[in-house]
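User: Hi, I have a structure open and I'd like to talk through it. Can you keep it simple?

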Amino acid sequence: MLKITPFCGLLLLGLPLLCQPQENAATALPRTPAPEGALTYFVSPANGATVTSPVTVRFGLRGMGVAPAGVTNPNTGHHHLLIDVATLPPDNLPIPNDANHRHFGLGQTEVELTLTPGQHTLQLVLGDSLHILYQPPVSSEKITITVTQ
């Protein structure tokens, strides 16, 4: 009991420090400005297309250049493909990297995508060297495709 009591006292003394609001480091991430009129778009498939899986998805970009992640050349970025995602990712955090947020950090401009049968939405967004959305976001229209057997 004597060994636990001093520890508990120290814990109680430090508790107010733990309860202080912490500044979120993610809010301090820099935002890269996008040139006016820059946009990314789908070369293929077209909105409303019926396709079989795997489907080749080709990306287009206007007003900027493509560069691998980590490259900080002005007005360049790399594509991210959002699959069945309702909204754009937060603009002050790196774009997630998961089954619904595909990264093309080597500068790729197409992918062969395996999708389950049914309707799917696709949207392209351009990330800067740190995978963060440009300000304003450089994104495509969201398209819907139907995958058949």
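User: Which residue in β7 is the bridge partner of Arg58?
Analyst: Glu110 is the bridge partner of Arg58. First, some ground rules. This is a predicted model, where local features need pLDDT of at least 70, side-chain atom pairs count only at pLDDT 80 or more, and totals for chains, interfaces and linings use all residues. Residues are numbered from 1 along each chain as its sequence is written, and side-chain values use heavy atoms, with hydrogens and water left out.

User: What do you call a strand, and what is pairing?
Analyst: Strands (E, at least two residues) are DSSP runs, numbered from the N terminus. Two strands pair if DSSP finds at least two bridges between them.

User: How many bridges join β3 to β7?
Analyst: There are 4, and the two strands run antiparallel. β1 and β3 also pair in the antiparallel sense, over 5 bridges. There, Tyr41 has Gly60 in β3 as its bridge partner.

User: What is the strand order in that open sheet?
Analyst: The order is β1-β3-β7, with antiparallel pairing. β1 and β7 are at the edges with a single partner strand each, so one side of each has no neighbour in the sheet. From one strand to the next, the twist averages 30°. That angle is taken between axes, which are lines fitted to C-alpha atoms; angles run from 0 to 180 degrees between N-to-C directions.

User: Where do the side chains of β7 point?
Analyst: They alternate. Val111 and Leu113 point to one face and are buried; buried means under 20% relative accessible area, exposed over 50%, partly exposed in between (1.4 Å probe, protein chains only).

User: What does Leu113 touch?
Analyst: Its contacts (heavy atoms within 4.5 Å) include Val57, Leu81 and Leu122, leaving out residues up to four places away in sequence.

User: Which residues touch the most other members of the largest nonpolar core?
Analyst: Val57, Leu81, Leu113 and Leu122, out of 17 residues. A nonpolar core is a set of buried Ala, Val, Leu, Ile, Met, Phe, Trp, Tyr and Cys residues joined through side-chain atoms within 4.5 Å. β3, β5, β7, β8 and β9 each supply at least two residues of this core. A second, separate core has 7 residues, among them Leu61 and Tyr134.

User: New topic. Where is Ala46?
Analyst: Ala46 sits in the loop between β1 (39-44) and β2 (50-52). It counts as partly exposed because its relative accessibility is 49%. Ala46 touches Ile143, Thr144 and Ile145, not counting residues up to four places away in sequence.
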